Amino acid sequence: LRHSAMHQREHILGLPFFADKLPKALNRLKEGGLLTAPAAPALVNLGYDGTYTAALLASDIILADSGLMVVQWFLMKRRRVPRISGLKLVRALLQDPQVRATRGAFWVKPSEEAAKRTQAWLRGKGIAAEKKDFYVAPIYPSKGIIRDETLLKHIEARKPAYIFINIAGGKQEILGHMLKRKLSYTPAIICTGAAIAFLTGEQAYIPIWADRFALGWLLRCIHSPKTFCKRYLKALKFIPILLRNRERMPQHGRH
C-alpha cells in the first residue's frame, strides 16, 4: 500500500500503535487497509498465538483501544499514547458519506439476530443497508488460519469501500488479515468487534463520556457479569507482560 499520509506511531510490545489524532486515522482509511483495535484480554496472546500476532503486524493501523495499556504505558514511560476506542472510530465512520451510501459498507456479524438488529438500526439512522450487505460468520476455528471462500465471494460481488468485522477479538483480526491478502481490491477492513453493538442495543449502551474515560469494560461487566467479568480478570495478566517486555514483542515461554 502507498501511504499518502504518514502518522505517528508508538512501539509497544513490538507493535506500532497509532499515536495520532482520529482525523488522520480516518483519512488513512480512505486508502484502504487493515485496522485493528486489540483489547488487553486478546493482547495476552501476543507472541504465543502466531497467526494472531501476524495479523496484528500486518495491520495498517493499530488503535490503542485498551485503557489499561495506555495508562500503564504512561506510568512506565511517561509517554502519552492517544486512546482511540473502536466505538469512537465507528461513531465517526458512520458519519462518512461513503459508509452511508449504497454498497458503501459490508458487515460481518456473529449471528442472524445481530445482523437484523444492525441493519434495522443503520436504516433508522438513514444509512443504506441492504440484506446483501450482511454476512453471518460461521464458527471459525479457535486457533490457526481462517479460510472463508463464501465470504470472499460475497465481498467481491459487492465490492464495498468499508468492511466491518464484528466477531470476537482474536478471530476478527485473523479474518481481516485473510481478506486483506485475498481480495482483488483494497477496501478498509475495520476490526472493532462489538463496537456497533454498543449503539444498536445488542450490548450495554456506552455513552460518550464513559468511552472517553475508558469505562466501557465496567458497564459491560454490570450489564452481563457472567460473560465479561471473567474476560476482564484475564486482562490483569497483561500488566506483568507489559512490565517485562515494554517495546519488545513477547516471546513464547518468556511472558
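By contact I mean heavy atoms within 4.5 Å. Helices (H or I, at least four residues) and strands (E, at least two) are DSSP runs numbered from the N terminus. This is a predicted model, in which local features need pLDDT of at least 70 and side-chain atom pairs count only at pLDDT 80 or more, while totals for chains, interfaces and linings use all residues. Residues are numbered from 1 along each chain as its sequence is written, and side-chain values use heavy atoms, with hydrogens and water left out.

I begin with α3 and α9. In α3, T51, Y52, A54, A55 and L56 meet E173, I174 and H177 of α9. The residues of this contact divide into five nonpolar, two polar and one charged. Here Ala, Val, Leu, Ile, Met, Phe, Trp, Tyr, Cys and Pro count as nonpolar, Asp, Glu, Lys and Arg as charged, and the others, Gly among them, as polar.

How do the two helices cross? The axes of α3 (residues 50-57) and α9 (residues 172-182) come within 8 Å and cross at roughly 60°. Axes are lines fitted to C-alpha atoms, for helices over the stretch in contact, and angles run from 0 to 180 degrees between N-to-C directions. The pair α3 and α9 is therefore oblique; angles under 35 degrees count as roughly parallel, over 145 as roughly antiparallel, 65 to 115 as roughly perpendicular and the rest as oblique. The crossing of α3 and α9 is left-handed, meaning that the near helix is turned anticlockwise from the far one by less than a right angle; clockwise would be right-handed.

Next, α4 and α14. Helix α4 (residues 67-77) packs on helix α14 (residues 238-245) at an angle of about 40°, with the axes 11 Å apart. That makes α4 oblique to α14, and their crossing is right-handed. L68, M69, Q72, W73 and M76 of α4 make the contact with F238, I239, L242 and L243 of α14. By class, the contact of α4 with α14 has eight nonpolar residues, one polar and no charged.

The axes of α1 (residues 22-29) and α5 (residues 86-93) come within 11 Å and cross at roughly 60°, in a right-handed crossing. L22, L26 and L29 of α1 meet K88, L89, A92 and L93 of α5. This contact has six nonpolar residues, no polar and one charged.
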